[in-house]
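Subject: Structure handover

Hi,

Here is the structure I promised to pass on.

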Amino acid sequence: IFNSPELPSHPRLKRYANLTDDALIELYAKSELFISYSAYEGFGLPVAEAIHFGCKVLCADIPVYRELFSEYVYFCATQEQSLKQALAHMPQQILPDLTSFYEKFSYAQSASIILEKINE
């Protein structure tokens, strides 16, 4: 629904659409960096998936990403120059312990919250 900006080509940048689950898992597993530079997100499932597969993640600095993923990703402002600067100065990331990540986003935790809201 949004216009797609023309992105410059680069030998290390690849864009994909309509991938199967298996192809997507393979890409996450092979990727060294995942970028979500969206200015509008409801949740950001691809960010959660990338974290799960051990990708270094760079996100637009928007409230939903701050709320959900602040312990696990790097942020940059939503401006072209900021993205370039963030990529150039991004430190080597040592992934934090993901135990709290899995607890926060588990099906059991989600179901418990939904049931609590329904019962209210």
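Before anything else, one term: a residue is buried if its relative accessible area is under 20%, exposed if over 50%, and partly exposed in between, using a 1.4 Å probe and protein chains only. Helices (H or I, at least four residues) and strands (E, at least two) are DSSP runs, numbered from the N terminus. Please keep in mind that this is a predicted model, where local features need pLDDT of at least 70 and side-chain atom pairs count only at pLDDT 80 or more, while totals for chains, interfaces and linings use all residues. Residues are numbered from 1 along each chain as its sequence is written, and side-chain values use heavy atoms, with hydrogens and water left out.

**The overall layout**

The chain has six helices and three strands. Reading from the N terminus, the order is α-β-α-β-α-β-α-α-α. There are 120 residues in the chain, and 25% of them count as buried.

**Helix H2**

Let's start with H2, which covers residues 45–52. Its buried residues are Val47, Ala48, Ala50 and Ile51. These four lie on the same side of H2, because they cover an arc of only 160° around the axis (the arc is that of the directions from the helix axis to the C-beta atoms).

What sits over that side? The cover of the buried residues of H2 includes helix H1 (21–30), strand S1 (33–36), strand S2 (56–60), helix H3 (63–69) and helix H5 (99–104). After H2 comes Gly54, which has a positive phi, near 85°.

Now zoom in on Val47. Contact here means heavy atoms within 4.5 Å. If you leave aside neighbours within four places in sequence, Val47 is in contact with Phe34, Ser36, Val57, Cys59, Tyr65, Phe69 and Val73.

**The cores**

A nonpolar core is a set of buried Ala, Val, Leu, Ile, Met, Phe, Trp, Tyr and Cys residues joined through side-chain atoms within 4.5 Å. The largest one here has 20 residues, and Val47, Ile51, Val57, Tyr65, Phe69 and Val73 have the most contacts inside it. H2, S2 and H3 are the elements that give two or more residues to this core. Another core, of five residues, lies apart from it, and Leu58, Leu83, Ala86 and Met90 are among its members.

**The sheet**

Strands of a sheet pair through backbone hydrogen bonds, either parallel or antiparallel. For pairing, DSSP has to find at least two bridges between two strands. In this model there is an open sheet of three strands in the order S1-S2-S3, with parallel pairing. S1 and strand S3 (74–76) are the edge strands, as each pairs on one side only. On average, neighbouring strands of this sheet are turned by 20° against each other, direction ignored (axes are lines fitted to C-alpha atoms, for helices over the stretch in contact, and angles run from 0 to 180 degrees between N-to-C directions).

S1 and S2 are joined by four bridges. Ile35 has Leu58 as its bridge partner in S2, Ser36 has Cys59, and Leu33 stands opposite Lys56. S2 and S3 are joined by three bridges, with Phe75 in S3 as the bridge partner of Cys59. As for S2 itself, five of its five residues are buried.

Ser36, at 10% relative accessibility, counts as buried. Not counting residues up to four places away in sequence, Ser36 touches Val47, Leu58, Cys59, Ala60 and Tyr65.

How does the chain get from strand to strand? A crossover is right-handed if, with the strands pointing away from the viewer, the path from the first strand over the helix to the second runs clockwise. The β-α-β crossover from S1 through H2 to S2 is right-handed, and S2, H3 and S3 make a right-handed β-α-β unit too.

**A loop to look at**

Finally, find Pro91 in the loop between helix H4 (80–89) and H5. Pro91 is partly exposed, with a relative accessible area of 42%. Not counting residues up to four places away in sequence, Pro91 touches Lys56 and Tyr74. Pro91 and Tyr74 are 17 residues apart in sequence and 9.4 Å apart in space, C-alpha to C-alpha.

Cheers
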